[in-house]
Amino acid sequence: MNPPNQQYYGQYPPAGGPPPAQPGQPHPGYQQPPQGAPYYPPGGSPAPGQPPHQQPPYYNGPQGQPPVGQYQYQPQQYPGGPPQASGQYPQSQPGQYQNQPYPTQQPPQGQYGQPPAPYGQYPPNSYQAANVNPQAPAPYPPQQYGVPPGASQWPQAQQPVQGYGYGVPPTPASPGYDIAQRAYYAPVDTSSDVEALRKAMKGMGCDETALIRVLTSSKYDNPWAMAQLVGDYNRRFLRDLAKDIESETRGDVETALLALIRGPLEHDVRVLIKALDRAGTDEDALMDVLLCRSNADIRAITAEYRRIKGHDLLVDIKDDVDDTLFRLYSMVLAATRAEDAAPVIAADIDRHVTELQRATEGTIGANAISVAQIFTSSNAAQLHALSEAYQRKYHRSLEEVIEKEFRGDMEDALLYMLENAVNRARSDAKRLEKPLYRTPRKDRLFINRVVSLYWDRNRLDAAKAAYQKYSDFRTPLRSAIKALLSGDYEDLMIALIRERK
């Protein structure tokens, strides 16, 4: 056994974060500040008696950004002055919902109708059961972050720690976004499938039906299983599966198959490169990849982009968008969004509602930066609560206010985040419908959105149910695909939404 990995054996490691603390010792990066003292997370050297800081397994971000799992607030540099650090809120005043729980909270992203997964574990997606490593031992008991020496667990009533993380565990990276996940994937037998793939593309012509059958098999629902299939094919035949598909297929079938075999992380990066490397930026693609993502996913995307392109993503975004939108994406790429487990605090919601009103209807000329700061620093549950509180306090929907006060790409980005927080399934359904019924039809955008949902079975099922309920024609997604598409392209899209022909 590799000694450095012993502490992870049998336990899903935190996404890009430090390894679990030893019992009885505080975890680095989650130290509890003294009562009444300001909170300064650990910076350079660890405090006496603390274990050394660990290097995150996936972090390769630019200097000045906090590594995964270490909650260090870094002031963001924006023209006009630094924004306020999210999570640093004053004490509630009398009359501001003191000691009252906020109403309904939105479930964490991708968890429709089910409780959130325990920290450090996959959500119960359908592919998980088929890829559990039977040789892995039972996981260790969950570690308690921020526990003082000698204490065994958190107190029952815990005040949120200052900083964007609220003192809660970070949201794990999505499947396929953290290389540490590979250790918990049980390899599958790909021998017959790699032979079938080669046979389908060997000689004259190409058997697209065979390619679709193999690559959309339930055996490869897990991104790491798909990566294994691609690697086994390349080693078996000393070829490149992606180049073979490019040479043997054409059009939308080629686009969708390449998106599938690249896996979710590389596909996101390829979408960004294409969106930024042409005359005119594809703002829809930028929003699809970067908005409403966990901090762990954002760090993985920026690191992979730097690996492929050789420079930072933010540099390319700055060259392609206006200054206001650049500031919004600067906030997004800083990866300081409240984690999914961060609480909804009524007093903070009330204060943010007042700030939103002053930055929009309460001034001549909306303050886009203030609105963007609140939106990009809030998780889905907090943003949903903001929308409901704004309606109650000012008797207008926050969506209407954004549509009135903003125009163009900034309006689209803010509405994207708001709609995703209020009803993610409905938002996904509408984003599937729009490119299908545009004139001309935007097939690449539709393919990108279908493939991104393919890797999250729960979210895909929720989007399909919402499509039939909220689409303009109230038809199932499968029926819309069959009516508008044809041939191998139709068959592939039906397979990617996990429906039968």
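Between which two helices does the loop with Pro440 lie? Select Pro440: its loop runs between helix 17 (424–437) and helix 18 (443–454). Helices here are DSSP runs of H or I with at least four residues, strands are E runs of at least two, and both are numbered from the N terminus. The peptide bond that leads from Thr439 into Pro440 is cis, with omega near -5°.

Before moving on, a word on the model. It is predicted, so local features need pLDDT of at least 70 and side-chain atom pairs count only at pLDDT 80 or more, while totals for chains, interfaces and linings use all residues. Residues are numbered from 1 along each chain as its sequence is written, and side-chain values use heavy atoms, with hydrogens and water left out.

**The whole chain**

Zoom out. The protein has 21 helices and zero strands. Of its 501 residues, 53% are buried, where buried means under 20% relative accessible area, exposed means over 50%, and partly exposed lies in between (1.4 Å probe, protein chains only). Take the contacts (heavy atoms within 4.5 Å) between residues at least 6 apart in sequence: 73% of them join residues at least 24 apart.

Now select residues 208–215, which form helix 3. Because six of its eight residues are buried, helix 3 is largely enclosed by the rest of the structure. Color Glu208, Ala210, Leu211, Ile212, Val214 and Leu215 to see the buried ones. Their packing partners are helix 2, helix 4 (223–237), helix 5 (241–248), helix 6 (251–261), helix 18 and helix 21.

Next, pick Thr190, in the loop between helix 1 (126–130) and helix 2 (191–201). Thr190 is buried, with a relative accessible area of 5%. Not counting residues up to four places away in sequence, Thr190 touches Tyr220, Gln228, Leu229 and Asp232.

**Helix 16, inside and out**

Which residues does Met417 contact, leaving aside neighbours within four places in sequence? Show Leu291, Cys292, Leu328, Phe375, Thr376 and Leu383 around Met417. Met417 sits in helix 16 and is buried, at 5% relative accessibility. Draw a C-alpha to C-alpha distance from Met417 to Phe375: they are 7.3 Å apart in space and 42 residues apart in sequence.

Helix 16 (residues 408–422) also holds Glu419, which counts as partly exposed at 31% relative accessibility.

**Two positive phi values**

Step to His395, in the loop between helix 14 (380–394) and helix 15. Phi of His395 is near 60°, a positive value in a residue other than glycine. His395 is exposed, with a relative accessible area of 65%.

Finish at Arg498, in the segment after helix 21 (487–496). Phi of Arg498 is near 60°, again positive in a residue other than glycine. Is Arg498 buried or exposed? At 17% relative accessibility, Arg498 counts as buried.
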